[in-house]
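Please look through the sequence and the model below before reading on. The report that follows takes up a few selected places in turn.

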Amino acid sequence: MVRFEHVGLSYPAPGRRSAAAVLHDVSFRVPEGGFRWLLGTSGAGKTSLLRLMYLAIRPTEGRLSVLETDITSARRGMLANLRRRIGVVFQDFRLLPHLSAFDNVALPLRIAGRSEGQIRADVAEMLRWVGLAGKLESPPETLSGGEQQRVAIARAVITRPRLLLADEPTGNLDEAQAERLMRLLQELSRLGTTVVVATHNEALASRHGAPALRLEHGRLVP
Amino acid sequence: MAINAVASTHRFPIPRNPMLIRHPMGRSRLRPPGFDDLGLERALSDRLLPFLVAAMAFLAALAFGGFLAAAGLARHWQQGAEAAVTVQVPDPSAVAAGGGVAGTTRLGRVLALLRADPAVARAHALTAAELDALLRPWLGRDSGRLALPLPAVIAVSLARPTATLQRLGKSLREAAPGTLVESHGVWVRRLTVLAQSLQASAAIALLVVTAVAIAVVAVGTHAGLAASREAIEIVHVLGATDDYIAARFAARATRLAVLGGGAGALAALPVLLTLAGLAAPFGRLDTAAAGSGPAAGFPGTALPTLLWLALPLLPLGAAAIGYLTAQVTVRHWLRRLP
């Protein structure tokens, strides 16, 4: 479950006395197992909103609650454990270039301290699932954009997160792959994962009916 | 709808039920050997840091060697020179007055008293040639021809320094009036202060080298943090704790520091052995005077035992500096992340 209450976000602006505000008075709630599109043009604040949800930053105003934890007042030490329950598909994938596809997908499990035997089985199955069974040892630089995106998706869902956030997850997939991914995300939502997908592709959102959060200049609009 | 039903419409070969993959909470925490998630093999180079730590370890070994050498000299001068006493007997050939064997000269009476005293380890009356050599700087060659009434000089080594000096002087003056007993106390104090200053300088050098080593590891760790910033941010978002990230850096810094410390200690060994060889005459005097103190060396070696023990400890000290400095530096840096 995610709850925003009058959340504002400002970044310190170098050379300027006042901070640059990117989100203003944002309030909404996504229930457990809910699916939301996050729509808006480039620069509307979608990525900043996602960054708040995956705890890369804290709000400068208002109150934010993620997975029943009040982020505005939570101790820093508590957040790492919370992050392990959140899966993120980054727009630019953010794969570690010195690790193979297998090790990139295994990373969240290793961070969580899972046993290597379990990791080997789960990661191999997950990579087979996303169609990369033959590229377990391939470094990201040798994979195509679509393959890298699938590795990023596998890494995001390997821990069975309770909250899954995806920033333009279909950007490098062809139409057929994008459709399949969307059906997968909806299936995850049906199984209890809260899913928020940011995109500027309104056609994709309209084909997969779900409530949408629409951002314009850092404000939620109806 | 079962996930396998979705699979039929996916090009992705969905597993039997990927969402139901079981993650037992077993905490075996096995990690494949060499798994370098943060890319530290590149970020914390195995070239510059070990080289700098090796240089610090080399200097630390020399500073510690200097510290021990200065300590040995101080002890040698204190124990050796403090025990040396010069006794001057004027008119040495005259027959001694008072008790004792009739006809004994004043010099003979004083020598007999000295040799009979348990506080005296050794008493040696300088021969005419030795006295001549001693006075040559002041009186020139063949001082005997000047017909000066020279006193006899006895070099005395005390078994128990200083404590018996007053009693000895009193009894010698009674046996041969006019006898002078001179200890080397003033010079001993000056030389001891000099040696202790050298020792303090070596200790300060050791502290400075340690501080520089800490700074070197801190700077190297900061460079590593900057180089692997993106990887750190990714694992941070994936739920890595400060402990997890700091442990990766500390392990890498420790390995590199051990490497550097070991290389530095090995490089210092031949230099220390050479210096010890040059200082061997002092060392032998020291060993003779100090017996088996902590500065005494292994038989057949020129280095003090303490230095032999300290050299293998250098890599361990470097490891401790590497581990602690990396831990503190990384944890402080990570505070900038939420």
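Where is the place of A:Ser138 in chain A?

## Basis of the report

The structure is a predicted model, in which local features need pLDDT of at least 70 and side-chain atom pairs count only at pLDDT 80 or more, while totals for chains, interfaces and linings use all residues. Residues are numbered from 1 along each chain as its sequence is written, chains are lettered from A and ligands numbered from 1 in the order in which they are written, and side-chain values use heavy atoms, with hydrogens and water left out.

A:Ser138 is placed in the loop between H4 and H5 of chain A; helices here are DSSP runs of H or I with at least four residues, and strands are runs of E with at least two, both numbered from the N terminus. Because its relative accessibility is 17%, A:Ser138 counts as buried, a class that means under 20% relative accessible area, with exposed meaning over 50% and partly exposed lying in between (1.4 Å probe, protein chains only). Once neighbours within four places in sequence are set aside, A:Ser138 is in contact with A:Ser100, A:Ala101 and A:Leu143, where contact means heavy atoms within 4.5 Å.

A:Glu147 and A:Lys135 form a salt bridge whose closest N and O atoms are 2.9 Å apart, the term standing for a side-chain nitrogen of Lys or Arg within 4 Å of a carboxyl oxygen of Asp or Glu. A:Glu147 is buried, with a relative accessible area of 13%, whereas A:Lys135 counts as partly exposed at 30% relative accessibility.

Chain A has 7 helices and 10 strands, and buried residues make up 58% of its 222 residues. Among the contacts in chain A with a separation of 6 or more, 68% are accounted for by residues 24 or more positions apart. Chain A exposes about 8,800 Å², of which carbon and sulfur atoms supply 47%; such areas come from the Shrake-Rupley method with a 1.4 Å probe, and for residues only the protein chains shown count as cover.

In soluble globular proteins, nonpolar side chains tend to be buried together. A nonpolar core is defined here as a set of buried Ala, Val, Leu, Ile, Met, Phe, Trp, Tyr and Cys residues joined through side-chain atoms within 4.5 Å. The largest such core has 39 residues, and A:Trp37, A:Val123, A:Leu185 and A:Val197 touch the most other members. Elements of chain A that give two or more residues to this core include strand S3 (35-39), helix H4 (116-129), helix H6 (175-190) and strand S8 (194-199). Apart from this core lies another, of 35 residues, among them A:Val30, A:Ala44, A:Leu67 and A:Leu163. Not counting residues up to four places away in sequence, A:Trp37 touches a set of residues including A:Met182, A:Val197, A:Leu204 and A:Pro211.

B:Gln327 is found in helix H11 (residues 305-334) of chain B and counts as buried because its relative accessibility is 11%. Leaving aside neighbours within four places in sequence, B:Gln327 is in contact with B:Ala246, B:Ala247 and B:Ala250. The side chain of B:Gln327 also makes a polar contact with the side chain of B:Arg331 (2.9 Å), a polar contact being a pair of N or O atoms within 3.5 Å; within protein, one must be able to donate a hydrogen and the other to accept it, and residues adjacent in sequence count only if both atoms are side-chain atoms.

B:Arg331 in turn forms a salt bridge with B:Asp243, the closest N and O atoms being 2.8 Å apart. Since B:Arg331 lies in helix H11 and B:Asp243 in helix H9 (residues 242-278) of chain B, the pair ties together parts that are 88 residues apart in sequence. B:Arg331 is partly exposed, with a relative accessible area of 31%, and B:Asp243 is partly exposed at 47%. Over all chains, a search of the whole structure finds 15 salt bridges.
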